[in-house]
Amino acid sequence: MPSLTREKQSCSPLYKVSQNTFVDKAEQHSSVAHSMKHREKLANQMKNVYLYHNQIRQIVIYDTKDFTNNFLMKRVDDWERQSILKIQQTASDVRQELTQVVTKHTTEMSEIFAEISQQLNKARVQNNYIENDIKCWLEKLEQFIKDFQTPKTINIISDERAHAFIPKIKLSLASVDSFHQANGDIQVDYSGYTITHGLSNGDATIHGKTEYYSGIHKFRFQIEKLGTPKWVFFGIVSKNASSQANLHRTRTVYGWAGHHQVWLNGVHHHQHLGYVCEFDVSHIIELFVDCDKKVIRLTNETTSSTHEIDVPPIKCPLPWTLYLGLYGSGDQVRLLFA
């Protein structure tokens with residue numbers, strides 16, 4: 001009996017070991033299979049990573065030799081294309097506008113030349129001329145060809161105020177006028193474009209020749225000389241007004257003068273609408289006249305200051321003429337072209 005018992009006791013733990021071993025082996029087999037699949041999955045992922053690495057290597061090798069595909073280089077290329085397009089568009093617009101303006105200028109100059117030809121032929125046929133007449137005809141023809149080939153009213157200017165790398169160009173048109181009908185100690189040069197005060201000090205005024213009924217007109221002046229008390233006037237007056245050397249005695253006068261004076265209907269107002277005079281020698285002054293909106297505007301191009309006033313047509317009836325005034329001995333102003 002004791003031996004049988006020992007046999008049973010010895011068989012029982014052997015059975016349990018055998019069962020656990022079977023379970024462990026099954027789990028191990030499953031774990032190994034799972035691990036192999038996982039490694040296979042990782043191997044495929046690694047393969048894809050390596051392929052991606054090779055693609056990047058090719059890009060690095062290519063870009064090292066050629067920088068054209070660099071994203072910063074592409075930004076430069078885009079900027080270049082856009083800039084060229086803007087320049088081409090601006091040039092096209094200016095050419096189109098210039099073609100219209102030059103066509104009009106050529107037509108007007110042809111009419112002037114026809115009139116000169118008619119007068120010259122008449123004098124030649126009638127044999128009614130002297131040596132001084134011949135000299136005048138030559139001067140007139142020389143002036144005509146200058147005006148025809150290099151128009152005084154047309155120019156291409158750069159907008160330097162924008163401070164751009166490439167300044168934008170634009171067409172500049174200036175109105176042409178000349179002076180006559182002086183009041184006081186003031187003279188006009190032979191061309192009619194420069195006015196000079198005499199040797200005395202005192203009020204002196206002068207009209208422009210052209211009468212303005214409508215439209216927009218832009219005039220540019222340069223102050224050639226300006227002594228004490230630094231007083232000069234730029235403005236307009238109604239053509240039908242009876243003008244005097246003293247602006248106080250002339251109604252319908254509108255404009256700007258020295259000593260911070262703004263003239264409204266022949267009466268000056270000190271610093272009207274904040275106007276402060278900055279006139280000085282060599283300053284370029286633009287007078288903008290809008291007959292349609294009944295507005296005039298003064299711009300000192302040298303100091304970049306601008307002032308504007310309304311001109312009531314009841315007080316200053318159209319047509320208007322340019323109206324300038326000087327005071328100091330030897331003061332001088334010249335009418336410029338574009």
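How many bridges join strand E8 (residues 232–238) to strand E9 (residues 254–257), and in which sense do the two run? Four bridges join them, and the strands run antiparallel; within this pairing, Phe 233 has Ala 257 in E9 as its bridge partner. Strands here are DSSP runs of E with at least two residues, helices are runs of H or I with at least four, both numbered from the N terminus, and two strands pair if DSSP finds at least two bridges between them.

The model is predicted, so local features need pLDDT of at least 70 and side-chain atom pairs count only at pLDDT 80 or more, whereas totals for chains, interfaces and linings use all residues. Residues are numbered from 1 along each chain as its sequence is written, and side-chain values use heavy atoms, with hydrogens and water left out.

**Sheets**

E8 and E9 belong to an open sheet of seven strands in the order E3-E6-E15-E8-E9-E10-E11, with antiparallel pairing. Strand E3 (179–183) and strand E11 (267–270) stand at the edges with a single partner strand each, so one side of each is left without a neighbour in the sheet. Elsewhere, strand E5 (residues 194–197) pairs in the antiparallel sense over three bridges with strand E4 (residues 186–188), where Ile 186 stands opposite His 197. E5 also pairs with strand E16 (residues 332–336), again antiparallel and over three bridges, and there Ile 195 stands opposite Val 333.

**Salt bridges**

Taking a salt bridge as a side-chain nitrogen of Lys or Arg within 4 Å of a carboxyl oxygen of Asp or Glu, the count comes to six, among them the following pairs.

| Pair | N to O distance |
|---|---|
| Arg 81 – Asp 78 | 2.2 Å |
| Lys 239 – Glu 211 | 3.6 Å |
| Glu 224 – Arg 334 | 2.7 Å |

Glu 224 lies in strand E7 and Arg 334 in strand E16, so this pair ties together parts that are 110 residues apart in sequence. Arg 81 and Asp 78, by contrast, both lie in helix H2 (residues 71–125), three residues apart, about one turn of the helix.

**Accessibility**

With a 1.4 Å probe and protein chains only, buried means under 20% relative accessible area, exposed over 50%, and partly exposed in between. By these limits Arg 81 is partly exposed at 48%, as is Asp 78 at 33%.
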